[in-house]
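I opened the model today to look up its packing and its turns. My entries follow.

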Amino acid sequence: MSYTVIYEGKEISLAPREFEVLYLLAQRPNWVIPKKNIYCSVWESNYYDDQIPYKTVEHVVWKIRKKMGHDIIETLINVGYRLKKM
């Protein structure tokens, strides 16, 4: 399986977790998805709220933005992330 996307006419290679986070956000563009939901869906782990390593999600989103542009994913502070409609 290839973890690539075509964005603005360019082929962009993503790591598996980056692809999975982007895919999750792309399933519902403009919907806010909480970090907890992203973590539990992509990493397939269930944690209590105070144990979820939010920095893991933040780091993957940062890597996606670095490859695709900072305006593709919007952060809603203390809520989660959403993919801007393309």
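At roughly what angle do the axes of H1 and helix H2 cross? I read roughly 125 degrees, and the axes come within 10 Å.

**Ground rules.** This is a predicted model, in which local features need pLDDT of at least 70, side-chain atom pairs count only at pLDDT 80 or more, and totals for chains, interfaces and linings use all residues. Residues are numbered from 1 along each chain as its sequence is written, and side-chain values use heavy atoms, with hydrogens and water left out. Helices (H or I, at least four residues) and strands (E, at least two) are DSSP runs, numbered from the N terminus.

**Helix pair.** Two packed helices are described by the angle between their axes and the distance between the axes. I took axes as lines fitted to C-alpha atoms, for helices over the stretch in contact, with angles from 0 to 180 degrees between N-to-C directions. H1 covers residues 16–26, and H2 covers residues 35–42. H1 and H2 are therefore oblique to each other. Here angles under 35 degrees count as roughly parallel, over 145 as roughly antiparallel, 65 to 115 as roughly perpendicular and the rest as oblique. The crossing of H1 past H2 is right-handed (the near helix is turned clockwise from the far one by less than a right angle).

I then listed the contacts (heavy atoms within 4.5 Å). From H1 come Arg 17, Glu 20, Val 21, Leu 24 and Leu 25; from H2 come Asn 37, Ile 38, Ser 41 and Val 42. By class, this contact has five nonpolar, two polar and two charged residues. Ala, Val, Leu, Ile, Met, Phe, Trp, Tyr, Cys and Pro count as nonpolar, Asp, Glu, Lys and Arg as charged, and the others, Gly among them, as polar.

**Sheet.** Next I traced an open sheet of three strands, ordered E3-E5-E4 with antiparallel pairing. Strands pair if DSSP finds at least two bridges between them. E3 (33–34) and E4 (73–76) are the edges; each has a single partner strand, so one side of each lacks a neighbour in the sheet. H1 packs on this sheet and touches E3, E4 and E5, with its direction at about 75 degrees to that of E5.

Two bridges join E3 to E5 (residues 80–83). Pro 34 stands opposite Gly 80. E4 and E5 share four bridges, and Leu 76 has Gly 80 as its bridge partner.

**Leu 83.** Is Leu 83 buried or exposed? Leu 83 is buried, at 2% relative accessible area. My cut-offs are under 20% for buried, over 50% for exposed and partly exposed in between (1.4 Å probe, protein chains only). Leu 83 sits in E5. Beyond neighbours within four places in sequence, its contacts include Leu 22, Leu 25 and Ala 26.

**Positive phi.** Which residue in the E4–E5 turn has a positive phi? I found Asn 78, at about 65 degrees, in a hairpin with three residues between E4 and E5. Asn 78 is exposed, at 80% relative accessible area. I also noted Glu 8, a residue other than glycine with phi near 55 degrees. Glu 8 lies in the loop between E1 (4–7) and E2 (10–13). Its relative accessibility is 65%, which counts as exposed.
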